[in-house]
Amino acid sequence: MPRIFQVSVPSLRVTLSSIFRKQGFNSTDALYLAGTLIDADQRGISSHGTQRMAMYDAKIRHRIIDPHARPGIVRSKGATLLIDAHAAMGQLAMREATNLAIGLAQSHGVGLVTVRNSNHFGTAGQYARKAADSGFIGIVSTNSNPIVAPTHTAVPALGSNPIAVAAGYGDDQLDYDAATSTVSLGKVEVHEKTGTPIDADWAVDARGTVSHDPAAIMDGIRSKPRRAALTPLGGPDENGGGYKGYGLGLAVELLTGLLGDAPASIDLKGTRISHSILVISPEAYGGSDALAARVSQLAKRLRSLPSSDGHPVLFPGDKERAVIAQHHDSVPIDDATYRQVRDIAWGLDIDEPQIVRVEGIGEDGDGETSGGNAAAGIADSQPA
């Protein structure tokens with residue numbers, strides 16, 4: 001079992017924001033970026049949490065991400081906007097896009113904002129929830145570098161292309177966020193770091209054969225040309241409905257790169273992905289409180305359905321809300337990620353990184369720091 005530790009949220013926030021400031025982000029943006037990673041960890045989405053720091057650090061060092069970039073409006077028409085991120089951090093570009101889409105929805109009833117020339121933006125759900133918390137429906141998507149093989153090929157041609165939808169408030173908020181691949185690449189990276197095998201059909205090798213070895217999968221995806229790919233949602237063939245995940249991935253391509261006059265995933269070469277956010281006002285349908293009440297009623301009806309396998313029926317967002325309750329003060333971080341973050345901080349001359357292990361869990365989870373440079377094996381040309 002890999003070593004996993006509970007890490008203090010306040011100390012992790014100090015360390016991550018200090019790293020982002022040293023990398024060139026202003027204090028407000030650095031704190032915001034740190035918060036987006038911690039939010040993912042608190043929700044149990046470690047694939048998009050602190051473990052992403054190695055990828056961000058590599059892309060900033062190689063000038064794929066520009067800490068000083070400021071997104072700007074390229075074109076606008078009615079309730080639609082096109083933004084050029086100018087190679088900004090994806091979270092910062094989408095923070096701007098989300099606020100603009102909400103403003104458009106307030107004026108027009110709907111707001112659609114597409115972002116191009118951007119970078120990885122963390123979890124898609126955070127932007128959809130922002131719209132929902134403001135009384136709207138939020139629908140978010142992004143393309144990414146090609147890591148998913150369409151049905152009947154082993155060639156990576158689509159991104160993981162997630163879709164997030166949120167509506168309603170509080171504990172009954174509908175909060176759906178999922179890749180259109182079987183999993184996000186970040187989950188494979190987590191298995192690689194922790195040395196745990198994959199027990200599902202998440203990826204195929206260059207011959208189209210399903211692989212359960214996370215190290216082999218990541219080696220294949222990092223190679224040029226790529227010799228491995230994730231499977232579309234539904235699996236590697238038609239029997240499990242993989243063509244449906246392939247179709248959903250194409251729908252995301254339409255709403256992001258194609259709509260934004262930017263590259264589709266198949267043409268991306270490591271940089272400049274696209275996002276979109278659609279915000280819908282419920283004012284013509286009874287208002288935000290009425291919509292939230294209907295969402296809440298549906299949630300309660302679904303949760304009350306009898307279980308067929310001993311597990312309760314969950315409403316989208318229930319699992320994450322339960323995890324948040326456990327991780328308010330500290331979050332689980334695997335030892336490899338812990339050491340990567342310390343190495344990045346020391347490499348930026350940040351004295352004594354304040355990443356405090358609160359409690360060790362798992363094998364050898366005694367709070368002792370392991371030596372070695374865990375970041376040394378992280379490819380500078382990151383796949384996501």
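**Loops, helices and confidence**

Reader: Between which two elements is the loop that holds Leu259?

Author: Helices (DSSP runs of H or I, at least four residues) and strands (DSSP runs of E, at least two) are numbered from the N terminus. In this model, Leu259 is in the loop between helix 8 (242-258) and strand 11 (273-280).

Reader: How should I treat the model itself, and what is its average pLDDT?

Author: This is a predicted model, in which local features need pLDDT of at least 70 and side-chain atom pairs count only at pLDDT 80 or more, while totals for chains, interfaces and linings use all residues. Residues are numbered from 1 along each chain as its sequence is written, and side-chain values use heavy atoms, leaving out hydrogens and water. pLDDT is the predictor's confidence in each residue, from 0 to 100. Of the residues, 93% score at least 70, and the protein averages a pLDDT of 91.

Reader: Is Leu259 buried, partly exposed or exposed?

Author: Buried means under 20% relative accessible area, exposed means over 50%, and partly exposed is in between (1.4 Å probe, protein chains only). Leu259 has 46% relative accessibility, so Leu259 counts as partly exposed.

Reader: Is Gln173 buried or exposed?

Author: Gln173 is in the loop between strand 6 (163-167) and strand 7 (174-178). Not counting residues up to four places away in sequence, Gln173 touches several residues, including Arg129, Asp133, Phe315 and Arg321. Gln173 has a relative accessible area of 5%, so Gln173 is buried.

Reader: Is Val155 buried or exposed?

Author: Val155 is in the loop between strand 5 (137-142) and strand 6. Leaving aside neighbours within four places in sequence, Val155 is in contact with Val148, Ala149 and Pro150. Its relative accessible area is 52%, so Val155 is exposed.

Reader: How far apart are the end C-alpha atoms of helix 1?

Author: The expected span of a helix is 1.5 Å times one less than its number of residues. Helix 1 (residues 9-22) has 14 residues and should therefore span 20 Å, which agrees with the distance between its end C-alpha atoms, 20 Å.

Reader: Which elements do the buried residues of helix 1 pack against?

Author: Among the buried residues of helix 1 are Val9, Leu12, Leu16, Ile19 and Phe20. The buried residues pack against strand 1 (3-8), helix 2 (27-42), helix 3 (53-61), strand 12 (330-334) and helix 11 (335-347).

Reader: How many residues of helix 3 are buried?

Author: The buried residues of helix 3 include Met53, Tyr56, Asp57 and Lys59. They pack against helix 1, helix 2, helix 4 and helix 11. Helix 3 is mostly covered, and of its nine residues the number buried is eight.

Reader: Which residue just after helix 4 takes a positive phi?

Author: The 19 residues of helix 4 (residues 90-108) should span 27 Å, and the end C-alpha atoms are 26 Å apart, which agrees. Just after helix 4, a positive phi of about 95° is taken by Gly109.

Reader: What separates the C-alpha atoms of His120 and Met55?

Author: His120 is in the loop between strand 4 (110-118) and helix 5 (125-133). His120 is buried, with a relative accessible area of 11%. His120 and Met55 are 65 residues apart along the chain, and their C-alpha atoms are separated by 9.4 Å.

Technical notes: Contact means heavy atoms within 4.5 Å.
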